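User: I have a structure open here and have not looked at it before. Can you take me through it?

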Amino acid sequence: MSKIHKLQLSTINRIAAGEVIERPASVVKELVENAIDAGATHINITIERAGKSLIIVEDNGSGMDKEDLQLAMERHATSKLNDDYLVNIPHLGFRGEALAAIGVISNVEIITRQQNMSNALKITNNAGVLGAVEPCAGRVGTRIIVRNLFYATPARLNFLQTDRGEGAKIKELVERIALSHPQIGFTLFVDGKEKCNHPAQPLPERIAGIMGRECADNMIEVKGEEDEVKITGFISLPTYHIGTRLMQYFFINGRSVMDKQLYPTLRAVYQDVLAHDRHPVVALFLDMPYHLVDVNVHPTKAEVRFKFANALKSLIIRTLRQALADHSTRASGHNTRRSLDILSRNNAVNLGNNQRNFAFQSPNNAANFNRIHNNHNSTPNYPPRRGLSDNLGAYKNETPINNAEIPPPTGQNTPTGDLYPLGMARAQIFDTYIIAQNNDQLIMVDQHAAHERIIYEKLKSYYYNSDKNAPSQDLLFPESLHAPEDVVERVIQARPALLKLGANITKLGDDELLINAVPFVIAQCNPLKLLQDIIDNFANDALDNAVEGRINKFLSSFACHGSIRAGRKLTLPEMDALLREMEITPNSAQCNHGRPTYIHLNMAQIESLFGRA
Ligand code: ADP
Ligand code: MG
C-alpha cells in the first residue's frame, strides 16, 4: 500500500497559515495593513493577553459588500492583485492569504459596512468553517475580531514568548506602521489600557510621538531624488546615537522593511563620525516605481529585492552624507541636555528640588539650539577671510594646524555670536576645555576632540578630494623600526596612499622601515609612534590587504597623534584660532567617535540653573 497520501485541505491550510501567521503580532500586522489598504484614516487596535485571547482591529475605511465579505476569507482571494500582473503592487497586501490563514487557526468575526449600505454585515469563521453572511449593526468601515488565536494549532502556542514579550512585539509593530503612515490616526489598547495614541499628524510630530521629542529634535531632514527613486525622511545628527539598531526604520513604498542590505549602507554613511558600537536613529522612506522592487520574496514581506541595488545604495549614501554635511557644524542638544542633567543633579544637593528637574524644565533646549544653528551653515555669513598667522603666536610654532585662511578675530575679544557661531574664547579650564561666549550662549569646547576632528577632516579631504598629496614635514632625523618582512612589504605596497596623507615611509631593509616625513598638519607628532601605529595596523589583521579599508583607521590614528592633547595650555588667540577652524570644518561638532566636540548653554538655561528663570 502506498505510504503517500494527499493531505486534507484543512491541514494544507493550517500549514500555510503557519508561514504567514507566526505570532499574534503577525495578525495585527495583516489586519492593520488591510485597514490601510482600505483607505482608513483612523485605526483602533485592541489586544488582550498579548493577542492570544483577543485582537480587534477596527477601521473607518471602505468596508466590503456582501460578495467581497464572502470571499475575503477564502485562500488566495484578494481584491488587490490582477492575475496577469505580479509586478505593480501598490497595496500593502496582495497575497490574499492573511484572512484565510487567520481564519483557520482561530475564531474570526468580521463586521463591515460600506458608505452606501443601510446596515453592516457580519460573517464568522471558526477554524476554517465559514458562517453565513448576516446583517447587523455597525459603523462604516470594518471591524475584525480574532479570538483564541492558535487554538486550532496549539503547538504554535508553545513557541510564543511570554505575554509581555509578545505584547512588546505588537507595540513595536504598531509604532513601526504608525511611523510609515503619519496621515492615519492610531490607537492601541492593551488589556484595557491605552498604550499608543497617535492622531493624524505631520511626520516630524509622529517621529516625536514614537521616538521621543529629544530624538526628533536631534534629527535632520533628508531629501534626494534620482531616476524616479525618491528618498525622504529624517536621520540623527552624528552626536545623537544609541547602542542598538532598533530605532532604524526603513520604508519602501510605504511598507516597513528590515532589509539586511540597508544596515551596512547606513553604516557607510556614518562610518567616520560614529564609533563601531553606536548606531544612528533613522526614519527613511524610499519611494520608487513598483517594478524596481520585488516585495514577493518573503512570506511576511519583511525583505525585498531591489533591481538596481548598487545604484540605490550609492544614492542613499550620497543623499544622507549631503544632509549631514549641510548640518556639519551643528552638535546635538542631546549631549548638552545630558550634561545639564548631571550639572543639575550635582547642584541639587544644595539647591533643592527645583534644580533636579532642570532637564524637564527646559524641554526646548535642543530645539532652541537647532533653531540658532540652522540659521547659519558654515560659510555664507562670514566676513572675507584673511591670513591669521600673526594671531597664532606660540601656537603657530608648535602645531601648524592653522595653515588655512581664517577670519580674523575682532581684537577686543568681544562676543560676536552672529559672526562667529562658536563665539570668542574667554578662558581655558583644566588645561583641557575652552570656554567661549557668543551673543547668547556659553560654549565649552573639548580642545583635543575638536582639534582631532579638524586634522581628520583636512587629511580626509586631501585623500579623497585632491589630486595632490597632503603637505609633508621632512624629518631632520628620519627614524626607523623593525617589522616582520610581510608587514614591511604591505606597508610599502600602501606607500602611495600613505604619501597621499603626507607620510613618507621607505624600506630600509627586508625587515626595517624608515619614516622620512610626517603629515604637515601633525608635524609635532612623535614619528616613531606614528610609524609603530602604521606597522601595527598592517600586522593586526593579515587578511585585509586593501588599503582603502584602512584609510579611515589611518585618518583616525594620524589625527589622534597630531592633535593638541588635553592638558596643554593655550593662549586666547590660539583658542580663537581653533574655534574659527572648527567653524569652517565639516563635521566639526563631533569627534570621529561620535562624541561632541563642544556643548553649549544659553542664557535662559544658565539662569534656570541659578533658579532665576
Ligand atoms: P490581501 O490583503 O493580500 O488582499 P487578505 O486576506 O488580507 O488578502 O484580505 C483579502 C481581501 O479582503 C482584501 O483583498 C480586501 O479586498 C478585503 N479586506 C480585508 N480587510 C479589509 C478591510 N479592513 N477593509 C476592506 N476590505 C478588506
Ligand atoms: Mg492583507
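User: Is Glu221 buried, exposed or partly exposed?
Analyst: This is a predicted model. In it, Glu221 counts as partly exposed because its relative accessibility is 45%.

User: Which side chain does Glu221 meet in a salt bridge?
Analyst: The side chain of Lys223, with 3.9 Å from N to O. Lys223 counts as exposed, at 63% relative accessibility.

User: Why would two such side chains pair at all?
Analyst: Side chains of opposite charge can pair when their charged atoms come close.

User: How many salt bridges does the count come to?
Analyst: The count comes to 22 salt bridges. Another one joins Asp510 to Lys507, where the closest N and O atoms are 4.0 Å apart. Lys507 is partly exposed, with 38% relative accessibility.

User: What about Glu457, which residue does it form a salt bridge with?
Analyst: Arg453, and the closest N and O atoms there are 2.5 Å apart.

User: Where are those two, Glu457 and Arg453, placed in relation to each other?
Analyst: They lie in helix α16, residues 447-465, and because they are four residues apart they are separated by about one helical turn. An α-helix has 3.6 residues a turn, so residues three or four places apart point the same way.

User: Buried or exposed, that pair?
Analyst: Glu457 counts as buried because its relative accessibility is 6%. Arg453 counts as buried too, at 0%.

User: Which residues are linked with them in a network of salt bridges?
Analyst: The network links Asp272, Arg453, Glu457 and Lys460.

User: Now Gln590. Where is it?
Analyst: Gln590 sits in the loop between α21 (572-584) and β23 (598-602). Although Gln590 is in a loop, it counts as buried, with 1% relative accessibility.

User: What is Gln590 in contact with, beyond its neighbours within four places in sequence?
Analyst: Pro238, Thr239, Val273, Arg453, Arg595, Pro596 and Thr597. Arg453 in that list is also part of the salt-bridge network.

User: And which backbone oxygen does the Gln590 side chain reach?
Analyst: That of Asn587, at 3.2 Å.

User: Take Cys215 and Cys525. Are they buried or exposed?
Analyst: Cys215 is buried, with a relative accessible area of 1%. Cys525 is buried as well, with 9%.

User: Helix α7, which of its residues are buried?
Analyst: The helix covers residues 203-211, and the buried ones are Leu203, Arg206, Ile207, Ala208, Ile210 and Met211. Just after α7 comes Gly212, which takes a positive phi of about 100°.

User: How much of the contacts comes from residues 24 or more positions apart?
Analyst: They account for 69% of the contacts with a separation of 6 or more.

Definitions and conventions. Residues numbered from 1 in each chain as written. Chains lettered and ligands numbered in written order. Predicted model: local features only at pLDDT ≥ 70, side-chain atom pairs only at ≥ 80, totals over all residues. Heavy atoms only, no water. Buried < 20%, exposed > 50% of the residue type's maximum accessible area, 1.4 Å probe, protein only. Polar contact = N/O pair within 3.5 Å; in protein donor to acceptor, adjacent residues only side chain to side chain. Contact = heavy atoms within 4.5 Å.
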